[in-house]
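Good morning, and thank you for making time on the agenda. Please have the display open as I speak.

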Amino acid sequence: MLASSWWYLVASLAASWYGVAAAVAASENGEAYNETERGGRICRSVDIRNFVVTDYVLLYRVKGLRSLGQLFPNLKVIRGKQLFHNYALVVYEMPHLQEAGLHSLKVISRGGVRIEKNPALCYVRTVDWNRLSDWEHFIKDNKKERECPECQQCDGGLCWNNLHCQIGAVEDDCHETCLGGCTGPGPQDCLVCKDIFVDGACTTSCPPNRFEYMGRRCVTSQQCRSIPPSDINQLKECEMESSKMKKWIPFAGRCTQGCPSGYQIRDDTECVPCVGHCHKFCGEGGVLDVSSIACIQSLRECTYINGSLSIQLGAGGPTIMEELEEISVNIEEIDGFLKISRSFPLVSLNFLKNLKVIHGNQLEGNKSALIVWDNPKLERLWLWDNKSQGLEIRNGRLLFHDNPRLCISEVDKLQNITGLSNYTNVEVARESNGDRAICNSISLNVTLSIVNSTSVLIQWSNLEYSGKQTLLGYKVHYKEAPTNVSVDDLDEESCWGDNWKVNYIMINSDLQDVNRSSETLHVIGSLKAYTRYAYFVESYTTAWEIEGVQTPIQYFTTHPYRPYIPRRFKVHPKSSSELILSWEPPLINNGRLTHYIIAGKFYADSESSVVERDFCEQTMPPYKPKVTPPPNTLVGSPPPPMNRTCCEAEEKRICTHDDDNQQFNFIFQEGTAKPDKELCGQPSTLYSVLYSNVLFADEGGIENYQTMYGAMFNNESEDFFKVENPIGFNYTHNTTGIKAGGGTYVYFIQRVNANSLSTTLTDLRHFSEYSLKIVACRAPYENEPDDNWFRVRCSPAGLKHARTRSLYGADDINSTTVVVDIPEKWSTSVRVTWEPPLNPNGLVLNYDVVYRRTDIEHHVPIKLCVSRDRFEGLGRWVWLRNVPPGDYEVRVRAISLYGSGGFTSPIDFKSRRPEFDSTPSNLIIAFSCIGALLAFGAVFGAGLELWSKFDLRAQEDELIQLLTNSDTSSSSGGYFQP
């Protein structure tokens, strides 16, 4: 099946057959072009493995092909010298194509991209086609975006497939003659030449005695003449005499087909000056339909249209008007009629500024010689003052309909110049010409009075009422305008809601003149902060009113306001004294960001929970820190904007709020769209409520620092947070705050420049919890007051709680503080004391005391768990009761919120026999007690013996394992659980 469909692809590329998409390619080392000289001839060969396509690439119904990257792995540039219906890359009805995969493609010099009806094609919306070409693109009816993989591994989510991210052409270090990249700084190092390739290097023009061929290389006179004749309109879009097979002629430094104006071809081999005035005829007596850029190119050098000329340009690239003026400038006479219809790019007909005569030998509908119909942006016909000669219409009438911005006065000028008799309303309709334009305008002085971040106040003097009172009111038009705009930016052609918005101000005609105000005030509200807007005012009249008002377009910029919250605020514990913070810029800056402020506060662990809980009975599970990957960069920039085209698929990327799955922390993130979510760049309703002064006195930001942090700030330090470049602070990250006795921060605030997206907090206490807030701050506007600056210049705060890592050995008890005390008489009880760890990892929960006999081999150790509250309540003493006489060692360890510390070194002690007074009374008492004990023991002896058999072995195994694993004094990282 692939072989049967291969013709569609080859026919689109092989210039040796059709010349449709001649591929002029540099070799892979970038040193020589693939066009070769064979016997003095230029061979227009094709090597699709290499770097350049001169015209366009068309793929249509090729079966079995899954990736274009397999065909064009090195394709870097599509020049678009000749286009396929205004497109340089067309991928249409490819049933098995799964990806474009043109990962080497960097530039489309001319022409748009059309990718349509490819049911298996993914990775289309993940390519920023505007980065390749600024022409219009059409992408539709491919595989649904939600069924395709994403490119999360690539910056901005832009990629060609799962292996190749989209990377723009890096030309900063290349020579100015390079296009699409280079291997070095010189013109000989270019991968592709922007203009001419000659003698192994790129240049802008050919040397003497050489002729520029196809705008890309130089040939000799003999080589030029040896090139086979070709049809310069291979697509057959425009049938005219000028598109016949033409020979190549060297003239005026170019190898060209045909001669320029003022010259004529002699013997098909050279251009000679005309004797007198000579015409270059185009057409064969019919209608030349110009509907694309390819047809415009066919009019080059034409001076006389042999037939009629019909221009209908539905769309075009950014250079279409320049190409029209360059190519059509020589047209002087049209034998038939001239028709301009449905041409959206046209603002005037001045591209035909040298047109002198419309003969009218052929008429539209046997009546009309000049037809101008349905041109939405057409405002004027010709600039008559700059037109060298007038216009003569020798036969036929005018026909003007549905040109909403063309005033009747323009048609009146044309009528006077041509000398035609008065036209009728059927020929020139007043209702549909100029109905969306202000003609015969009256001046209206509009001034801007008040500007704030969300609204402006404009005012103007009211117009005087005419006797008919046809003035109904005014219309205020406004729209966002990052660059200057015109009224021609019609609503119908806007695709992302950037069309003109209209406010209507109606006039109450029942009021007497004495009651009417001489001034009209109007507030334009619901504006975006720190945004440039265009606006104009026009009168609102009845349909038959021919006079009105339309002010010139004026501009204003709203004041900055509070930035949105920084996004994706994350904290990664780096060490026991450091936290790494990372974030992304706010979704909406509402001003020029200058810095971020990070506020932190140490939170001591609650001792009440330790007192209320016996951790010997209810053990704490081992601490498991939350694993968060550290940021991969310390300095970053905002992600690139999403690629938006007018032909965006139904599924749009949505910016949503994410609760972070654990905390009620509202951070803007990209996610799956839900019905209650809003489009990217638009504030969420939930966001507006949560960070309003209804819930927060400071609207969710950093509290008034003078109240929160007290004496750590003075009047001088306030500039540290407000101004862009504070005096005395020359570092990227500046921190100030209050430190505890150990040199660690209790409160702190850090200022981070706006070009940084992460920072490292230092001098923090080990294994301690910190509450962290981050706000984004903007620059003040001129004369902005300083009152409550932190509420209007800084964003609401992103909030995180994080704990530093544990400090190795911090939970260890100093062995020198362990003391064993044996009373003189009651030696079967031993008292042990020690000092707690000085700076443990959090609070100490309990202690383990383990002792065993050293004079008996394999003696079972005995463990005693002592809660922190009991240890402190006894004055930091612990009693070991009923210790039989013998040699012993004792070890102690602390258990903190982090886990178990290391055991102390063994402390040896000796338990002695009790010493009694040998007086008779004491002996009688002693023997009586012994007898009572023996009697009592006889009752319980059997039960005690049975219990010990079951428990003794288990206790022995447990304590031997405990001492074996804790023989050193290092931290274990977890709790001992009995």
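Predicted model: local features only at pLDDT ≥ 70, side-chain atom pairs only at ≥ 80, totals over all residues.

Both E427 and R397 are buried, and their side chains meet in a salt bridge, with N to O at 3.0 Å. E427 lies in the loop between α6 (408-418) and β30 (446-451), whereas R397 belongs to strand β29 (residues 397-401), so the pair ties together parts that are 30 residues apart in sequence.

R793 and E784 meet through their side chains at 3.6 Å, N to O. R793 is buried, with a relative accessible area of 4%, and E784 is buried as well, at 11%. Salt bridges that share partners also join K367, R397 and E427 into one network. The other pair is R868 and E607, whose closest N and O atoms are 3.3 Å apart. This pair links distant parts of the chain: R868 sits in helix α12 (residues 868-873) and E607 in the loop between β39 and α7 (608-612), 261 residues apart. Is E607 buried or partly exposed? With a relative accessible area of 43%, E607 is partly exposed. The count of salt bridges comes to 26.

Leaving aside neighbours within four places in sequence, S368 is in contact with F337, L363, R397 and L399. S368 lies in strand β27 (residues 368-373) and is buried, with a relative accessible area of 6%.

Let me turn to strand β39. Residues 593-603 make up this strand, and eight of its eleven residues are buried, so β39 counts as mostly covered. β39 pairs in the antiparallel sense with strand β45 (residues 769-778) over ten bridges; within that pairing, G600 has L772 of β45 as its bridge partner. β39 also pairs in the antiparallel sense with strand β43 (residues 745-753), over seven bridges, and there Y596 stands opposite V752.

A parallel arrangement occurs elsewhere. An open sheet of three strands has the order β3-β5-β7, with parallel pairing. Its edge strands are β3 (52-53) and β7 (107-108), each of which pairs on one side only. Strand β5 (residues 77-78) is joined to β7 by two bridges, and I78 stands opposite I108 in β7.

Next, a loop residue. Q166 lies between β9 (138-142) and β10 (196-198). Why does Q166 count as buried? Its relative accessibility is 7%, and the cut-off for buried is under 20%. The side chain of Q166 reaches the backbone nitrogen of D128 at 2.8 Å. Not counting residues up to four places away in sequence, Q166 touches several others, including T126, R131, L158 and W160.

On the surface, L472, Y504 and M506 form a nonpolar patch, with about 310 Å² of accessible area together. L472 lies in strand β32 (residues 471-480) and counts as partly exposed, at 32% relative accessibility.

Finally, the chain as a whole. The protein chain has 13 helices and 53 strands, and 47% of its 978 residues count as buried. Of the contacts between residues at least 6 apart in sequence, 69% join residues at least 24 apart. The accessible surface comes to about 49,000 Å², with 50% belonging to carbon and sulfur atoms.

Technical notes
Residues numbered from 1 in each chain as written. Heavy atoms only, no water. Pairing = 2+ DSSP bridges. Helix = DSSP H or I, 4+ residues; strand = E, 2+ residues; numbered from the N terminus. Buried < 20%, exposed > 50% of the residue type's maximum accessible area, 1.4 Å probe, protein only. Polar contact = N/O pair within 3.5 Å; in protein donor to acceptor, adjacent residues only side chain to side chain. Contact = heavy atoms within 4.5 Å. Patch = residues over 30% accessible without salt bridge, like charges linked within 9 Å, V, L, I, M, F, W, Y side chains within 5 Å. Areas by Shrake-Rupley, 256 points an atom, 1.4 Å probe, with all protein chains shown as cover. Salt bridge = Lys/Arg side-chain N within 4 Å of Asp/Glu carboxyl O.
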